[in-house]
Amino acid sequence: MSTRLSDIYGVIGDPIEHSLSPQMHNAAFKKLGLNCIYLPFRVTQRDLKSAALGMRALNIRGFNVTTPHKTAIVEFLDELDKTAQEVGAVNTILNDEGRLIGYDTDGLGAVRALEEQNEDPSDKRIVLIGAGGAATAIAFTLARRARSIFILNRTQHKAVKLAKDIERKLVKKVSAGSLTRDSLFEALRDADILINATSVGMYPKSKQTVATRKILHSGMVVFDIVYNPVKTLLLSEAEAAGAKTIPGVGMLVHQGAEAFKIWTNHSPPVEVMRRAVMEGLSGL
Ligand code: NAP
């Protein structure tokens, strides 16, 4: 491998101006004394292919990929790691001397966020709300570990399709259904962990929640991957029901930390990254 004097990293998405990733990664580079910089790039759908070609041409070492490009970018990459192949989406790209390799660290980020709160998902009964990009990554990663997964989504057929995909690729039984108050109430009766992987409750619609205290219970863990606001209405409702709560900031930090490892081979300074994200969130 050639010696690099400096490396450029970035995040591509549209919109991109509120991304907290530049602050998070630049703080990590600074802490480790790495001569690297991480920049936000607004890239429209039309320019996605040019952005991938440009990454190679300009020798940009790594990109994160965010909404709406996580799936569409795949066709412009040379290789996908196992998780990205299963999920069919990418949130991290490594430019390995001209070869663009795609990874998806969202699922592992969610698992690390649970583990750092001493919640090992192995052998747990998990109810996952959502069947979009983040839910897909989380479902595939947890399906290898958890005792059971029940996926509920507003648009039922997407939940059913995701469950079938996991069954086919991982040979693991996964249940799926439509998200209603009754179906959620039933599913939560004997659940250990509820994960909200929808955008419900995200700023500016922070008065919305997928569940209220009436159907949550003590003894369960409620993990909301929405990170703005840090304490969502769902987490407040869970607290009122006596449940343990885990905010989405942990996942944001750990998906970034996993990308940092892939790019630099350094152990990521997780607490520095978390502080940078919290500072960024307080300024939004
Ligand atoms: P996405 O692919 O657009 O999926 C959105 C999901 O939310 C779908 O399941 C959708 O259901 C559901 N949904 C949207 N509005 C709803 C409503 N009013 N009622 C019920 N369900 C609703 O988005 P994504 O990329 O998965 O992101 C989802 C959320 O996770 C966003 O808030 C994002 O910021 C957050 N996120 C956090 C992290 C982190 O690191 N903490 C990482 C990635 C994403 P339908 O299928 O019925 O439309």
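Predicted model: local features only at pLDDT ≥ 70, side-chain atom pairs only at ≥ 80, totals over all residues.
View 1. Lys-158 has a side-chain N or O atom 3.1 Å from an oxygen atom of the ligand. (A polar contact here is a pair of N or O atoms within 3.5 Å.) On its own the ligand has 930 Å² of accessible area, and the protein covers 76% of that (Shrake-Rupley method, 1.4 Å probe).

**View 2. The shell around the ligand.** There are 21 residues around the ligand, and Gly-133, Ala-134, Asn-153, Thr-155 and Ile-225 come nearest (a residue is near if one of its heavy atoms lies within 4 Å). The shell splits into ten nonpolar, eight polar and three charged residues, with Asp, Glu, Lys and Arg counted as charged and Gly among the polar ones. Helix H5 (133-143) and helix H9 (249-264) each bring at least two residues to the shell; helices are DSSP runs of H or I with at least four residues, strands are E runs with at least two.

**View 3. An open parallel sheet.** Follow six strands in the order S9-S8-S7-S10-S11-S12; two strands pair if DSSP finds at least two bridges between them. Strand S9 (175-178) and strand S12 (244-246) are the edges, each pairing on one side only. From one strand to the next, the twist averages 20°.

**Reading the views.** Residues are numbered from 1 along each chain as its sequence is written. Local features need pLDDT of at least 70, side-chain atom pairs count only at pLDDT 80 or more, totals for chains, interfaces and linings use all residues, and side-chain values use heavy atoms, leaving out hydrogens and water.

Technical notes
Polar contact = N/O pair within 3.5 Å; in protein donor to acceptor, adjacent residues only side chain to side chain. Axes fitted to C-alpha atoms, helices over the stretch in contact; angles between N-to-C directions.
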